[in-house]
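Hi,

Here is the model I promised to pass on to you.

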Amino acid sequence: MSNVVIIGAQWGDEGKGKIVDLLSRELDVIVRFQGGNNAGHTIKVGGEQTILHLIPAGILHPGKVCLIGNGVVCDPSVFLAETEQLEARGVDVSPARLKISRRTHLILPYHKALDVAREAHKAGRKIGTTGRGIGPCYEDKAARVGVRAGDLTNPALVREKIEAALVEKNALFRLYGCAVLSADDVYDELMGLAPRLLPYLADVPGEIDAAWTRGRSVLFEGAQGTHLDIDHGTYPFVTSSNTVSGNAAAGSGISPRALDRIIGIVKAYTTRVGSGPFPTELTDPTGEYLRDKGHEFGATTGRPRRCGWLDMVILRESVRLNGLTDIALTKLDVLRGLPALKICTGYEYHGQRLDFPPQEEDGLSHVTPLYEELPGFSEDIAACRAWDELPVTVRDYILRIEALTGVRVSFVSVGPDRDQTIRR
Ligand code: GDP
Ligand code: IMO
Ligand code: MG
């Protein structure tokens, strides 16, 4: 198989983990290229569930190499805890197959404290972050004061960076009325973890290049979703990295020419965690039905996810931004039992019809979704393993999505388990 990028096409939690795990069987190297442990990627194999926040979702396949790229922000304690949990279940997480780029920025305790303090002080405009320190860590990266994984080989540099960072951060903590942090504590904690982290450090671009030379293929595992992208998402209600496919190259240190196939993961309806506009949101019993049947509670924070109908306007934008070559449609089984299925095909905005989201910052809060209605289905599709086994109403729903996006639906997921997937 050629190289593949997996991208969330909505607001995250589309089922990326499931599809990455499924495709990892056929590829050799799996790379995370952005985000951090704000992600929660769920895999289910034979009824056993694994939720990964930082380690690539290819790790359950023995022998596959899993890489954390430079574009990721890595919380050292979360990384080590995740490796321990996997190891306890017999998964090989040795540095022979799990590596972190030396250029990956580290999330430190002051990033987490600042994330939480800022949100607490935002009153009306809370983003609803995961509180994992993602934004403040990317801020330090952009400000050129971050601590990178490779710095762990130079304790004096780490010490210097932490001291300098805390001069500013502690001023902010005083402003927010929170406890200040001591450079000794932050340094001691980090350097206490360093001996266990150092074996994982690697030259990720070099690893990928060497794999190609040997004819291996790479899967780039996106986190979050296209509409949480820092530039193209519903700013300011976004995450702090570029989530679009183009960042697979920059965030792992390879050429964009290497990105062959770009698969957008699309949930058969829409969900969103945290604040921000969501035109097709349902705050009625249908929304609750989707939340209950789809178990729509965050894999990272446990927060209930907001639920609504499928929105083709935001999907059309995702097709354009990512250059999607394929769609993997997930959670179709959840729609079972609804009398009718609605698809938003356009927006009304200031008396005009829009096929793409408005460009104004708050525009999406002021659109009215325009729907078309398709018949619902009552058949249990969880056991379907071939296109022909799907009821006609379900096939029609899928074909309508293809027609409205212009992209082939190559994978249909009818349940959380690895096996509950139809390939076309
Ligand atoms: P990710 O962040 O994109 O990897 O998605 P999450 O893991 O946060 O959320 C997706 C949830 O849906 C997980 O609980 C999956 O086990 C589950 N899931 C994935 N595909 C399907 C499907 O086709 N049907 C059902 N019912 N659940 C699914
Ligand atoms: P996966 O990879 C869904 C959301 C948060 C919040 C906003 C900013 O599992 O799909 P952050 O902590 O990143 O600063 O929060 O982004 N968010 C996600 N929503 N799935 C995710 O990841 C998310 N990662 C961040 O809820 O609205
Ligand atoms: Mg998730």
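This is a predicted model: local features need pLDDT of at least 70, side-chain atom pairs count only at pLDDT 80 or more; totals for chains, interfaces and linings use all residues.

Residues are numbered from 1 along each chain as its sequence is written, chains are lettered from A and ligands numbered from 1 in the order in which they are written, and side-chain values use heavy atoms, with hydrogens and water left out.

**The magnesium ion**

What holds ligand 3, the magnesium ion, on the protein side? Its protein donors are D13 (OD) and G40 (O), at 2.0 to 2.2 Å. Donors here are N, O and S atoms within 2.8 Å of the metal (3.2 Å for Na, K and Ca), and sites may look incomplete because water is not among the atoms. Helices (H or I, at least four residues) and strands (E, at least two) are DSSP runs numbered from the N terminus.

D13 is partly exposed at 22% relative accessibility, and G40 is buried at 11%. The cut-offs are under 20% relative accessible area for buried, over 50% for exposed and in between for partly exposed (1.4 Å probe, protein chains only).

**Ligand 1**

Ligand 1 is surrounded by 19 residues, and the closest are K16, G17, T42, D333 and S413. To count as near, a residue needs a heavy atom within 4 Å of the molecule or strand. Helix 1 gives the largest share of this shell, three residues, and both helix 1 and strand 3 supply at least two.

D13 turns up again here: an N or O atom in the side chain of D13 is 2.9 Å from an oxygen atom of ligand 1. Polar backbone atoms of E14 and K331 also lie by ligand oxygens, at 3.1 Å for E14 and 2.9 Å for K331. Taken alone, ligand 1 exposes 590 Å², and the protein buries 92% of that.

**Ligand 2**

Around ligand 2 there are 20 residues, with K16, H41, T130, Q224 and T239 the closest. A polar side-chain atom of K16 is 2.7 Å from an oxygen atom of ligand 2, and one of R303 is 2.9 Å from an oxygen atom of the ligand. From the backbone, a polar atom of G128 lies 3.4 Å from a ligand 2 oxygen. On its own, ligand 2 exposes 550 Å², of which the protein buries 97%; these areas come from the Shrake-Rupley method with a 1.4 Å probe, and for residues only the protein chains shown count as cover.

**Two more residues**

Is S241 buried or exposed? S241 is buried, with a relative accessible area of 4%, and is placed in the loop between strand 10 (218-221) and helix 8 (247-250).

G276 is in the loop between strand 12 (270-272) and helix 9 (285-293). This glycine is buried too, at 14% relative accessible area. Between G276 and R196 there are 80 residues in sequence and 39 Å in space, C-alpha to C-alpha.

Cheers

Methods:
A polar contact is a pair of N or O atoms within 3.5 Å; within protein, one must be able to donate a hydrogen and the other to accept it, and residues adjacent in sequence count only if both atoms are side-chain atoms.
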